[in-house]
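Thanks for passing this one along. Could you have a look at the model with my notes beside you?

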Amino acid sequence: MDSKKDRGQETENYTKITDVLLKSKTGEFDLESILFLKLRGLGIYDLGCIGDCINLERLDLSGNNITSLAPLASLRLLQVLNVSGNRITNLEAISHCHHLQSLNVAGNLISSIENLQCLLGLRKLENIRLKDCLYNFSNPVCKNVSCRNIILEMFPNIKVVDGERVAGRGSDLYQLCRDIDDSLKGLYKNGSVAEIPDCKPWVEEGYWDLKRSNNAIIDEAYKQFNDVLHECKLLNNRASHVITQTERALSNKNPTKHYVL
């Protein structure tokens with residue numbers, strides 16, 4: 001009987017954040033000493049005393065049943081917040097987290113761009129995620145096809161939207177990938193590949209084939225050249241032979257005279 005009561009108490013502790021839960025998860029005795037906190041997928045619906053962790057810098061509350069972020073207003077040093085996969089409709093409490101740099105609210109109930117107006121004062125915010133294709137997370141506001149462009153106008157310091165870098169190093173690569181995706185989408189209609197018109201050749205058919213007439217002319221020219229070269233060699237040999245015989249004949253007719261002194 002006691003064991004069942006203990007298990008029930010343990011379940012209750014996990015649905016609401018208490019100092020006991022925080023200390024057991026972090027090993028810290030003082031809540032103000034907690035800098036990093038991960039409470040993912042615990043069924044939490046009440047943030048309880050989490051506001052006492054005033055020095056908290058990174059917080060992961062993804063995959064719970066949270067509807068209100070009010071206790072987070074006191075976390076002025078918070079830099080990274082992940083509350084994806086909850087039931088959040090209002091982000092007003094986060095407007096007090098002036099050091100916030102990265103915010104993940106994918107998979108919640110953010111219904112309109114107006115719900116993001118409260119974040120305009122977060123000058124350090126560089127990364128915001130409203131949808132996550134990997135986990136099939138989104139928000140109703142994402143149905144607005146202009147949502148991404150509006151966010152870029154609202155938050156000029158934003159560098160990453162929905163995991164895609166839009167400014168700084170690497171943004172050109174993401175834009176290139178987006179352009180390729182858009183071009184590929186044009187190839188599909190109703191889930192099937194659209195008909196692609198036949199490609200026209202750059203040159204006429206047979207352009208790269210060697211013409212037989214040209215080959216015949218070249219072969220004939222080579223043959224004539226070789227014939228002329230052969231005749232020149234024969235003439236050269238005959239001329240050399242005649243010159244040699246002539247020199248011998250002349251040397252026999254004009255013997256060398258010897259004079260006696």
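The points below cover the sheet and then some of the salt bridges.

1. A word on the basis: this is a predicted model, where local features need pLDDT of at least 70, side-chain atom pairs count only at pLDDT 80 or more, and totals for chains, interfaces and linings use all residues. Residues are numbered from 1 along each chain as its sequence is written, and side-chain values use heavy atoms, with hydrogens and water left out.

2. Seven strands form an open sheet of mixed pairing, in the order β1-β2-β3-β4-β5-β6-β7. Strands here are DSSP runs of E with at least two residues, helices are runs of H or I with at least four, both numbered from the N terminus, and two strands pair if DSSP finds at least two bridges between them. β1 (36-38) and β7 (164-165) are the edge strands; each has a single partner strand, so one side of each lacks a neighbour in the sheet.

3. β1 runs parallel to β2 (residues 58-60), with three bridges between them. Phe 36 has Arg 58 of β2 as its bridge partner.

4. The whole structure holds four salt bridges (a side-chain nitrogen of Lys or Arg within 4 Å of a carboxyl oxygen of Asp or Glu). One of them joins Arg 40 to Asp 60, with the closest N and O atoms 2.7 Å apart. Arg 40 sits in the loop between β1 and β2 and Asp 60 in strand β2, so the pair ties together parts 20 residues apart in sequence.

5. Asp 60 is buried at 10% relative accessibility, while Arg 40 is partly exposed at 46% (buried is under 20% relative accessible area, exposed over 50%, partly exposed in between; 1.4 Å probe, protein chains only).
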